[in-house]
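The text below goes through them in running paragraphs.

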Amino acid sequence: MNKDKEEFREEQISIPNANVKKEYQFCFDSSLFPKIQINDIKNLDLVGLQFDAEKACISGVPTNASQIDIEIEFFHKEDENFEIDIKKIPFIVNADPKDLWMNKPSPTDSRFPKEENVTFSSSFLDKKIVVASKRGRSHAHEGTFRDDDFVVKSLPDDWNVVAVADGAGSAKFARAGSKFVTENIAESFNNETFLQNLSSEIISYFDGNNSEDAKIKSKAFVINSLYKNVKQLNEALNQFADSEEINLKDLHTTLIFVLVKKFDFGYVVLSFGVGDCPINVIDENEESVKLLNFLDVGEFSGGTRFITMSDIFSRPDMADRFGINCFKDFSKLFLMTDGIYDPKFVVESKLENLESWKNFLKDLDGKNEDQIKVDFAEDQNIENQLSDWMDFWSKGNHDDRTLAVIY
Amino acid sequence: MRRLPIYFLLDVSESMIGEPIEQVQEGIATIIKELKTDPYALETVWISIIGFAGKSKTITPLQDVITFYPPKIPIGSGTSLSKGLEELMNAIDRDVVKTTYERKGDWKPIVFLFTDGIPTDDSEKAINRWNNDYRGKSNLVIISIGDNTNLNLLGRLSDQVLLFNNTDSNSYKEFFKWVTASIKTTSENINNTNKEGIDLSKSNPDIVEKIDLSKNHSLPDNNFVVLSGKCSTNDKMYLLKFKKALQESNVPGFQTRFYKVEGAYRIDENSYWEYSADSAISNKISSEELYGNPSCPSCGNNFALATCICGGIHCINGDGNAKCPWCGNTGFYGMAEGGFDINRTLG
């Protein structure tokens, strides 16, 4: 009799962890110790659970997260005196990770303050645009700033520009970097003469009657013009860092932008990207998707490049960062930071996969855990809808989120 | 979701019996408890525990902090560092997801290796395999529990070799607090900056001290003698642990070595054999060097250190006839006069 009790006392029993606010049930396998009867389990009430001696089951909905020692009271079935012994084992109720994240306001009195959440909507050529940018959970937890930023701007000669930037988490003033680059690049195109020249070269480039040579010349003009503006941005960043007396690397940020104009022959989208934020276009029938830029994902995970790094200009892939595309029409054009792309697409390859995009569109249409729909048809409230949708929960993904949709 | 795999490679050789193993057991539970309240760790950290003595096995396979339940840490005979490293490398091959075009991989795994003794086997091959194929793809932190280890050998595996002074239960508490803090900062940093690498937390140098690997370190003498015995009442196995001490001998200025009893501990026989080397126990120690004879931890008999002619150690209640649980012989037991050699486990 003592041997049975001793063995039960020494037996390593692992009870699955419970999760707070979630239904829990665990039944002891009494065939493992047929001669032992569990009489009661003490301390379960500390976490709001009950023990049913008849079924030898622990059940209930735990009320609070905790790690406690539960005391299993047991006796030998052949013992006439029902002499009770106690076995102590740990019992764990996990917290809901959502409850552990704090939401501390960012300190408005520090340098380069930035609003935590921003939304925007307006017309865009003969289409519309909606953008939302949100501070990530990790920044909220520590009371630090959103590092993402964006700018939407109408330009002369019927051009429009959208720029999105993701400040590097490791850079001290990334929030200022992303703000500076989006504003600076958008403003750098605000020049009527330049844009008129750009328009005529674009017409020449897409004119089927033109010779190859003429086309190449036009293409060179377009790319060189964009290159010049990007190059001056890099120089302006240097000056900005100097004038603020901070290191350039403290401003590390990615940048993507599109310059868009509607011509008789379609929408021309000029694009540029450095870093790991994608620009995608979905055709008018939602049957194909095109990724307009390549992503700097680096050799090892987490490696990316920034517009603040002057070495990007001397690398052979610099020209590939620019894109000239024409679409007769399109359903949607997306610009996003990795705060959206990481949880929703996970890997680079999925950004060119139509199935992934169909799922993403369904997700925006309300097929998600919280059933939040971004209504692109009845769009009076679309800014707030997008902002709410962007609160989606994704384990391990707590980065700032920015999503711009031209629709 | 990208995981941060953390491996604990624990030396579970017999010298760990008693306070060290209890503290490690409790320490692991504390780490988990703490990580469960940290949102970064809860969503990112995955933990596996591997034990090695004469043999090595995975005690807890890689799992997230949410599902983790503190395991029972076993004890075995021998200190086969090579078997431990092999098990670790196989686990890394099996568990850790590499980044591909189709899939986002895990973060670089972090390994905490805790050891308190000198390997009883040749570790050369395993060390080379580690340095060639794994060292660059993981972060290994080696912690010498006490100063009875081969620091030169450990220094060949990692630049991070630390000495933990396991003086009392408070130092263990502080030590595990330091491990927890290091895991938390690391998981927070990779989440916020995407930078891999371990961020060891600042430690109290009295508790955790970084070893200067540019220096040569002398090989220590054995600090412990551990003997395995069997209860003659209920056949259960136990271990007797003796700690080295020095005393002035009759010759002035010359000290004699002796081993003073620390305690007698019950062990789980099944897991003991699972982690013990197959080789026959051959180290001998003279009973003259052993001081103290504790009572049997299993049945409470007065003396846990009695030896049969077969060489087995078992417990007896006092002088008189008793049956050896190892060979079944019944013999008369009295106090020995001269010294006799007792089989010693591999440590």
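Is Arg321(A) buried or exposed? Arg321(A) is buried, with a relative accessible area of 1%; buried means under 20% relative accessible area, exposed over 50%, and partly exposed in between (1.4 Å probe, protein chains only). The model is predicted, so local features need pLDDT of at least 70 and side-chain atom pairs count only at pLDDT 80 or more, while totals for chains, interfaces and linings use all residues. Residues are numbered from 1 along each chain as its sequence is written, chains are lettered from A and ligands numbered from 1 in the order in which they are written, and side-chain values use heavy atoms, with hydrogens and water left out.

The side chain of Arg321(A) meets that of Asp317(A) in a salt bridge at 4.0 Å, N to O. A salt bridge here is a side-chain nitrogen of Lys or Arg within 4 Å of a carboxyl oxygen of Asp or Glu. Asp317(A) is also buried, at 16%. By this rule there are 40 salt bridges over all chains. Another joins Lys344(A) and Asp363(A) at 2.7 Å, N to O. Lys344(A) lies in helix α7 of chain A and Asp363(A) in helix α8 (residues 354-364) of chain A, so this pair ties together parts that are 19 residues apart in sequence. Helices (H or I, at least four residues) and strands (E, at least two) are DSSP runs, numbered from the N terminus. Lys344(A) is partly exposed at 24%, whereas Asp363(A) is buried at 12%.

Turn next to the contact between the chains. Chain A gives 40 residues to it and chain B 35 residues, with contact meaning heavy atoms within 4.5 Å. The rule finds five salt bridges across this interface. In one of them, Lys395(A) meets Asp64(B) at 3.6 Å, N to O. Glu10(A) and Arg266(B) also form a salt bridge, at 3.2 Å, N to O. That pair crosses from helix α1 of chain A to strand β10 (residues 255-266) of chain B. Glu10(A) is partly exposed at 42%, as is Arg266(B) at 39%.

Strand β13 (residues 266-274) of chain A has nine of its nine residues buried, so it is largely enclosed by the rest of the structure. Strand β12 (residues 255-263) of chain A pairs with β13(A) in the antiparallel sense over nine bridges; two strands pair if DSSP finds at least two bridges between them. A hairpin joins β12(A) to β13(A) through two residues. Six bridges join β13(A) to strand β16 (residues 322-327) of chain A, again antiparallel, and Leu270(A) has Ile324(A) in β16(A) as its bridge partner.
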